[in-house]
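Dear colleague,

I am passing on the structure that follows, and below it I have set out what I found when I went through it. Please read the notes with the structure open beside you.

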Amino acid sequence: SMRLRTAALGACSRTATDIIRAVEIYDQMVEEGADLDMVAKVAVLTALGRVGQWRRALALLQNPDDAPREVVNACIAALDQSGRWREAVELLHRLRSRHAADGVSFSSAVSACAKAGQADVALDLLKLAPVSEIVYGAAISACEKGDRPYDALRLLSEMSELGLRQDLPACNS
């Protein structure tokens, strides 16, 4: 049944050794013409991101303008894990255009920028993002990787001014 397969997808997408099995379950469901629900799509996108299959993640998304925010967020996270910052930012902007972007959307896109050392893009996104420790931490990480120590220090100061907790990930950047 769809429910059991969705549960199996979720279970398999949690451990590195079982991720390939999750993708196999997904492939079997597609072959059988199953209509994946939101939970199944998020589980598959999570697994695809963990194995770097970003093209398949984008193909699963199909039309991001009609997909639920949770599914688009899972795809942005998959792109983040696959090092595809441009595609992650593009999906974020598409969510923003329909007023559906949230903190999860921004944190994943900023994280993708951080991994690529795209400090300028991360800082631009931070200006648009809801205020949160997670987004600030990702932007600080982008400043670190983009060799922008003064911007990282400025963001730490902003966090204090905004009353945000300077948690361990933000302070380690």
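Helix H9 has 13 residues and reaches 18 Å from its first C-alpha to its last, close to the 18 Å expected at 1.5 Å a residue, where the expected span is 1.5 Å times one less than the number of residues, and where helices (H or I, at least four residues) are DSSP runs numbered from the N terminus. Please bear in mind that this is a predicted model, in which local features need pLDDT of at least 70 and side-chain atom pairs count only at pLDDT 80 or more, while totals for chains, interfaces and linings use all residues. Residues are numbered from 1 along each chain as its sequence is written, and side-chain values use heavy atoms, with hydrogens and water left out.

Just after H9 comes Asp147, with a positive phi of about 55 degrees, although Asp147 is not a glycine. Asp147 sits in the loop between H9 and helix H10 (149-161) and is exposed, its relative accessible area being 63%. His99 is another residue other than glycine with a positive phi, near 60 degrees; its place is in the loop between helix H6 (85-97) and H7, where His99 is exposed at a relative accessible area of 76%. As background, most residues other than glycine have a negative phi.

Turning to packing, helix H7 (residues 103-115) and helix H9 (residues 133-145) meet at an angle of about 10 degrees, with their axes 8 Å apart; the axes are lines fitted to C-alpha atoms over the stretch in contact, and angles run from 0 to 180 degrees between N-to-C directions. H7 and H9 are therefore roughly parallel to each other, a term for angles under 35 degrees. The contact (heavy atoms within 4.5 Å) is made on the H7 side by Gly103, Phe106, Ser107, Val110, Ser111, Ala114 and Lys115, and on the H9 side by Ile134, Val135, Ala138, Ala139, Ser141, Ala142 and Lys145. These residues divide into eight nonpolar, four polar and two charged, where Ala, Val, Leu, Ile, Met, Phe, Trp, Tyr, Cys and Pro count as nonpolar, Asp, Glu, Lys and Arg as charged, and the others, Gly among them, as polar. Within H7, Ser111 is buried, with a relative accessible area of 18%, and, leaving aside its neighbours within four places in sequence, Ser111 is in contact with Asp80 and Ala138.

Helix H2 (residues 19-31) also has 13 residues, which should span 18 Å at 1.5 Å a residue, and its end C-alpha atoms, 19 Å apart, agree with that. Its buried residues are Ile19, Ala22, Val23, Ile25, Tyr26 and Met29. Seen down the axis of H2, these fall within an arc of 155 degrees (taken from the directions from the helix axis to the C-beta atoms), so they line one face of the helix. Just after H2, Gly33 takes a positive phi of about 75 degrees.

With kind regards

Notes
Helices (H or I, at least four residues) and strands (E, at least two) are DSSP runs, numbered from the N terminus. Buried means under 20% relative accessible area, exposed over 50%, partly exposed in between (1.4 Å probe, protein chains only). Angles under 35 degrees count as roughly parallel, over 145 as roughly antiparallel, 65 to 115 as roughly perpendicular and the rest as oblique.
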